[in-house]
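Subject: The structure, and what turned up in it

Hi,

Here is the structure I promised to send over. Have a look at it first, and then read on for my notes.

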Amino acid sequence: MSEQPPPVPLFLAPMAGVSDLAYRLLARECGADFTITEFTAAAGLTRRDAKSWHKVASDPRESPFIPQIFGGDADEMVHCTEMLAEVADMVDLNFGCPAPKVTRHCAGAALMGHPEELLDMVERCIEVSDVPITVKMRLGTGKGPDTALELAGRLESLGVARLCVHGRTLQQRYTGAADWDFIRRVVEAVEIPVIANGDIVDARSAAACIEATGAAGLMIGRAAIGRPTVFHQIKSELGWQVSPPPWEAELNGEEKPSEAGARHWAWKRYIELDDEVNPERPNRNRKRHAFAFTKGLPGGKSLRTTLHREPTAEALAERVREFLENSAAENPDNQAET
Ligand SMILES: Cc1cc2nc3c(=O)[nH]c(=O)nc-3n(C[C@H](O)[C@H](O)[C@H](O)COP(=O)(O)O)c2cc1C
């Protein structure tokens, strides 16, 4: 890389089944500047459903606290925003989810095909909220013209504080390359900060995305699954952060910790944090994270075929920890960036 881009904040993307509270706290310790809860149905929150409220639980270490909600019923979304505004620092509205179980109710990304309804919903949420409202959206539905550009200007006029644009349409779901050129057009059309999202996986793609979009921040999703260390790695490789990574203790006398060493630290820390924030019962994402943390490491595949036999969440955590510890000892050259 010839010229390093100036620092911008890095966001852990909201991800259902991934970005639980312990994982968000871990991502912060690994260099993420902002974390957002996974999307939570306004319907569940307004009926005071305990599971839904668990999804938007936070911790003083997570500041700012940004819950994300979705729904197709404007009254529910408004009521929910009002409830969350009492406890949150900002509320993020999801207009990006492509899952049929969401879009069927004209929620998530489906609302991008109904701009007037979307705008009316956002305007009413802003009216009842004492905290800033942010919006995460896609480019459009993929049927008919993309609406993100027109919506961005109108959302700004309504008072939306920040936009995040995932550079794909609803129809694309996660296929094809994210359209960073389109994101640049949104960045240039509004004054409020626009966060670019889609296909940022490392320092090189982070720098390329900043150059292509001019965005005020970057959001990282899939590349942070099983690799929360990606945030520090991007910052240190781009010269934004010179402090040593928290997993330096895993150095084992090496100049740089191995990828497995960094993951070993992160996995132990995730379990510690999960035990802390969920003392009654480990959260149900643990198995998914266990699979993700072992991906791409020699022997990970055969380990994963046996993980489902572990009788308890504690046993599963220990199996993965031992595997990562051994991987770090056996593959010291498989280096993580610091
Ligand atoms: C497992 C998974 C769950 C997701 N859940 C959410 C969600 O709850 N809310 C949301 O706005 N986007 C969600 N997304 C989309 C991501 O936030 C992000 O926009 C998308 O993955 C593109 O970014 P990436 O290329 O960095 O992965 C999810 C994505 C994945 C892979």
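**A strand on the inside**

Five of the five residues of S6 are buried, so this strand is largely enclosed by the rest of the structure. Here "buried" means that 20 or more other C-beta atoms lie within 10 Å of a residue's own, "exposed" means 12 or fewer, and "partly exposed" is in between, with C-beta atoms placed from the backbone. Strands (E, at least two residues) and helices (H or I, at least four) are DSSP runs numbered from the N terminus.

Before going further, please note that this is a predicted model: local features need pLDDT of at least 70, side-chain atom pairs count only at pLDDT 80 or more, and totals for chains, interfaces and linings use all residues. Residues are numbered from 1 along each chain as its sequence is written.

Back to S6: Arg162, Cys164 and His166 point one way, Leu163 and Val165 point the other way, and all are buried. In a regular strand, side chains alternate between the two faces of the sheet.

**The barrel**

S6 belongs to a barrel that eight strands close in the order S1-S2-S3-S4-S5-S6-S7-S8, with parallel pairing. On average, neighbouring strands of this sheet are turned by 25° against each other, direction ignored. Strands count as paired if DSSP finds at least two bridges between them. S5 (residues 133-137) runs parallel to S6 and is joined to it by four bridges, and Lys136 stands opposite Cys164 in S6.

**Helices on the strands**

Helix H8 (residues 180-189) lies across S6 (162-166) and S7, and runs at about 175° to S7. Axes are lines fitted to C-alpha atoms, for helices over the stretch in contact, and angles run from 0 to 180 degrees between N-to-C directions.

How do H8 and H9 cross, and which residues make the contact? The axes of H8 and H9 (residues 203-213) come within 8 Å and cross at roughly 50°. That makes H8 oblique to H9 (under 35 degrees is roughly parallel, over 145 roughly antiparallel, 65 to 115 roughly perpendicular and the rest oblique). Trp180, Asp181, Ile183, Arg184 and Val187 of H8 meet Cys209, Ala212 and Thr213 of H9, where contact means C-beta atoms, placed from the backbone, within 7 Å.

**Around the ligand**

The ligand is surrounded by 22 residues, and the closest are Ala13, Met15, Phe39, Gly221 and Arg222. A residue counts as near if its C-beta atom, placed from the backbone, lies within 6 Å of the molecule.

**A few single residues**

His289 is found in helix H12 (residues 286-293). With 27 C-beta neighbours inside 10 Å, His289 counts as buried. Leaving aside neighbours within four places in sequence, His289 is in contact with Tyr23, Gly226 and Tyr270.

The peptide bond from Ser63 to Pro64 is cis, with omega near 0°, and Pro64 lies in the loop between H3 (50-55) and S3 (66-70).

Two arginines have positive phi: Arg48, near 60°, and Arg173, about 50°. Arg48 is in the loop between H2 (42-46) and H3 and is exposed, with 9 other C-beta atoms within 10 Å. Arg173 is in the loop between S6 and H8 and counts as partly exposed, with 13 C-beta neighbours inside 10 Å.

Best wishes

Terms used. Contact = placed C-beta atoms within 7 Å.
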